[in-house]
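Please read the points below with the model open beside you.

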Amino acid sequence: TTLTSGNWSSSSTWAGGVVPGPNDIVTVNHAIILDVNLTIGTGEYTFNSNVTDDGSGRQLTAMTSGGVLIIANNSTTTFGGEAFLDNSVLTVTNGSTLITGTLTIDNGTSITINGTLEVNGNVTDNNNGKGGGFDVAGYVQINGNYNATGSGVFQTTGTITTTGSSTVGDSKNNCTTGPCSSGSISCENNTSSISPSNQSLCADQSVAPLIFSSNSAISSYQW
């Protein structure tokens, strides 16, 4: 747990005078300057205050089953460099913001965005493991391309926009030739009660949430 504001790498920032490791339970309650690349193993990291890149393009790596990163308490966390999420859990709570560079998602990673996720680069979604998913009730801004090459579920009652192109199932959608893949990005629920029955991820456009006429289930896109 943080004791005071300061650099992440400084022992004086942390209670007990020990900089946390990748497998620790970490709570940030003070404004922190991220002056190292951050690796999360089996640890659980909760940021209740701002964590800000020192300008050197710091990277986020979470690559172990059980690794958790929670951005909470209306805070903003910024990684100027790349982010790699593999078999881990990311949650951004309502009112909070996570900003990263290029984002790669692999192997059963679970992402829940109730606040804001801003990616300054491309998103590569290889999330083809069991238990993974990308749930958006907030806002996702991709300042680059969105590419999904694995299998998985994207669910939204919020908004996702991209300034680049979008590719799902290795088939690119240019917003004029049809869905992003041969099966489109279709709702996994009962389509008889949903209007429209599918959506497409397109450049410079938002994915509109589906409208449910007979239930209150969330909008879900599956590829």
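1. Thr 97 has Thr 116 of β15 as its bridge partner. β12 and β15 (residues 116–119) run parallel and are joined by four bridges. On another pairing, β12 meets strand β9 (residues 76–78), also in the parallel sense, over three bridges. There, Leu 98 of β12 has Thr 77 opposite. Two strands are taken as paired if DSSP finds at least two bridges between them. Strands themselves are DSSP runs of E with at least two residues, helices are runs of H or I with at least four residues, and both are numbered from the N terminus.

2. A word on the basis of these notes. The model is predicted, so local features need pLDDT of at least 70 and side-chain atom pairs count only at pLDDT 80 or more, while totals for chains, interfaces and linings use all residues. Residues are numbered from 1 along each chain as its sequence is written, and side-chain values use heavy atoms, with hydrogens and water left out.

3. Which way do the side chains of β12 point, and are they buried or exposed? Thr 97 and Ile 99 point one way, Leu 98 and Thr 100 point the other way, and all are buried. Buried means under 20% relative accessible area, exposed means over 50%, and partly exposed lies in between (1.4 Å probe, protein chains only).

4. Ser 96 sits in the loop between β11 (89–92) and β12 (97–100). Its relative accessibility is 1%, so Ser 96 counts as buried. Not counting residues up to four places away in sequence, Ser 96 touches Ile 71, Ala 72, Asn 73, Asn 74, Ser 75, Gly 115 and Thr 116; contact here means heavy atoms within 4.5 Å. A polar atom of the Ser 96 side chain lies 3.5 Å from the backbone nitrogen of Ser 75.

5. Asp 106 belongs to strand β13 (residues 103–106). At 19% relative accessibility, Asp 106 counts as buried. Neighbours within four places in sequence aside, Asp 106 is in contact with Leu 85, Asp 86, Asn 87, Asn 126 and Asn 127.

6. How many aromatic pairs does the count give? The count is three, where rings of Phe, Tyr and Trp (its six-membered ring) pair if their centres lie within 6.5 Å, and planes under 30 degrees apart count as stacked, over 60 as edge-to-face and the rest as tilted. One of the pairs is Trp 8 with Tyr 45, which is stacked at 6.1 Å centre to centre with 10° between the planes. This pair links distant parts of the chain: Trp 8 is in the loop between β1 (6–7) and β2 (25–28), and Tyr 45 is in strand β5 (residues 44–47), 37 residues apart. Trp 8 and Tyr 45 are both buried.

7. Trp 8 also pairs with Phe 47: the ring centres are 5.9 Å apart and the planes are at 70°, so this pair is edge-to-face. Because Trp 8 lies in the loop between β1 and β2 and Phe 47 in strand β5, the pair ties together parts that are 39 residues apart in sequence. Phe 47 is buried, as is Trp 8. Trp 8, Trp 14, Tyr 45 and Phe 47 make up one aromatic cluster.

8. Ser 12 is likewise placed in the loop between β1 and β2. With 49% relative accessibility, Ser 12 counts as partly exposed. The side chains of Ser 12 and Ser 10 make a polar contact at 2.8 Å. A polar contact is a pair of N or O atoms within 3.5 Å; within protein, one must be able to donate a hydrogen and the other to accept it, and residues adjacent in sequence count only if both atoms are side-chain atoms. The C-alpha atoms of Ser 12 and Thr 2, ten residues apart along the chain, are separated by 8.9 Å.

9. The count of salt bridges is one, a salt bridge being a side-chain nitrogen of Lys or Arg within 4 Å of a carboxyl oxygen of Asp or Glu. Asp 54 and Arg 58 form it through their side chains, at 3.0 Å from N to O. Asp 54 is partly exposed because its relative accessibility is 32%, whereas Arg 58, at 18%, counts as buried.

10. For the protein chain overall, the secondary structure comes to zero helices and 28 strands. Of its 223 residues, 48% are buried.
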